[in-house]
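Reader: I'd like a close look at one part of this chain, and then at what surrounds it. Could you take me through it in short steps?

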Amino acid sequence: MFLVTGATGGLGSRIVRRLRQQEKDVRGFVRLTSRYSELESRGVNIFIGDLERDKDIYKACQGVKYVISSHGSGGKPQAVEYRANIDLIDAAKEAGVEHFVFTSVLGVDRGYEDSPVFKAKREVEKYLQNSGLNYTILRPSAFASSLLPLAERFKQTGIYLLIGDPQNRTSVVSTDDVARIAIDSVFVESAKNKVLSVGGPEIITRGDIPQIFSRIFNRDPIVINPPLFLFDGLRSTIGVLNSDVERSLGTLRTLLANEFFCTPEEITNLEMMFDMKMESLESFLRRYLGA
Ligand SMILES: NC(=O)c1ccc[n+]([C@@H]2O[C@H](COP(=O)([O-])OP(=O)(O)OC[C@H]3O[C@@H](n4cnc5c(N)ncnc54)[C@H](OP(=O)(O)O)[C@@H]3O)[C@@H](O)[C@H]2O)c1
C-alpha cells in the first residue's frame, strides 16, 4: 500500500492515477472539502483527514509500505509544510514504512531566508535524512502543470505577465515525469537514500515561456514585464495592513528573483537512473492543450 498526501494536487493526483494504472494499492490522503470523487472512481482508497491533525496522520500510515509526501503548504508553511511532514515521518517510522519519498524544491539548500516554505522543506529534508527511514528526496524545478492556467489565459488574450528578469533561467519539468520518478524511487535501488534534482531536459529563460505559448497558439505575445521593485513596493504596502500576508509573499518573491535550473549532468543522471527521457515543456503543453 502506498500512502500519498496531496492526492488531489497537481503532482499528487498524477501519482495516484499512475499507481492505479499500474494496479497498485494506494491510499489518498484528502480533505473532506477536496474534490476526490474522480480518484475514488479509479479505485484510490480515500482517507479523509487533515494534515494539521497528527492523529489523522498516524491513522493514515497504518498498514502502509511506502509514503509519498506530495502535499503543498496550503498557505501554512509552519503547520502543513513543516509540522505535518515531521509527523508523517514519525508516523511512517512507527508503522514500519519501507521507503519515504519527500517532494522538496530545487534550490532549497541555498538558504533563502525570505521563504518560509523553502526553510520548512530544508528542515524536513534534514529530519528525514536522520530518521533512519529509507528515503528519496526530490528537488523539482517549476512544474509544467502550473503553467497550464497561464497558457489558457494566453490563448484567450495573448497576454503574459512576467514579473522580474526575463533572462532568469529555469528548467520547467513535466509534472508527469516527476510523478513517475516519485513512484519509481521506491523500486530503483540507486535512488535509495539520495537527494535528486529534478528538472526538464532544457534550460530556458523565463522570457522563452511566452514565446513557447506563441508557437503553440500561433499568436503574438503581449508580454507585461513589471520590474521586481514594483512587486517589492506592493508587498511592503500590503505589509502595513497585514504582516502575515507580507511574510507569506516571501516564497513567491524568492521564486521570482532567482534562477532554478538543473545542469545537463543532473538530467543525464536522472534519465539513466530511471531509464526514461525527460519531456520538454513544449511537448507537455501541446499534449495537454491539444495543440
Ligand atoms: N508547483 C510547482 O511548480 C512545484 C515546484 C517544485 C516543488 N513543488 C512541491 O511539490 C508538491 C506538490 O505541489 P503541487 O503544485 O502539486 O501542489 P498543489 O497542486 O498546490 O496541491 C496541494 C495539495 O496539498 C493538499 N493540502 C494542503 N493542505 C492540506 C491539509 N491541511 N490537509 C490535507 N491536504 C492538504 C491540497 O488538498 P486540497 O485539495 O484539499 O486543497 C492539495 O491536494 C509541494 O510540496 C510543492 O511545494 C511544487
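Author: Start at valine 188, in the loop that links helix 7 (175-184) to strand 9 (194-198). Helices (H or I, at least four residues) and strands (E, at least two) are DSSP runs, numbered from the N terminus. Residue numbers start from 1 along each chain, as its sequence is written. The model is predicted, so local features need pLDDT of at least 70, side-chain atom pairs count only at pLDDT 80 or more, and totals for chains, interfaces and linings use all residues.

Valine 188 counts as partly exposed, because it has 15 C-beta neighbours inside 10 Å. A residue is buried with 20 or more other C-beta atoms within 10 Å of its own, exposed with 12 or fewer, and partly exposed in between; C-beta atoms are placed from the backbone. Leaving out residues up to four places away in sequence, valine 188 touches Met273 and Phe274. Contact needs C-beta atoms, placed from the backbone, within 7 Å. Aspartate 275 is 87 residues from valine 188 along the chain, yet their C-alpha atoms are 9.9 Å apart.

Now step back to helix 7. Eight of its ten residues are buried. Among them are Val178, Ala179, Ile181 and Ile183. The cover over these buried residues includes helix 1, helix 11 (264-274), strand 4, strand 5, strand 6 (135-140) and strand 9.

Strand 9 leads on to the sheet. This open sheet has seven strands in the order 3-2-1-4-5-6-9, with parallel pairing. Strands pair if DSSP finds at least two bridges between them. Strand 9 and strand 3 (45-48) are the edges; each has a single partner strand, so one side of each lacks a neighbour in the sheet. On average, neighbouring strands are turned by 20 degrees against each other, direction ignored. Helix 1 packs on the sheet and touches strand 1, strand 2 (26-30), strand 4 and strand 5; its direction makes about 160 degrees with that of strand 1. Axes here are lines fitted to C-alpha atoms, for helices over the stretch in contact, and angles run from 0 to 180 degrees between N-to-C directions.

Look next at strand 4 (residues 66-69). Tyr66 and Ile68 point one way, Val67 and Ser69 the other, and all are buried. In a regular strand, side chains alternate between the two faces of the sheet. Four bridges join strand 4 to strand 1 (residues 2-5), in parallel. Valine 4 faces isoleucine 68 there. Strand 4 also pairs in the parallel sense with strand 5 (residues 99-103), over four bridges. In that pair, isoleucine 68 stands opposite valine 101. Between strand 4 and strand 5 the chain passes through helix 4 (residues 77-94), and this β-α-β crossover is right-handed. That is, with the strands pointing away from the viewer, the path from the first strand over the helix to the second runs clockwise.

Note on methods: Contact = placed C-beta atoms within 7 Å.
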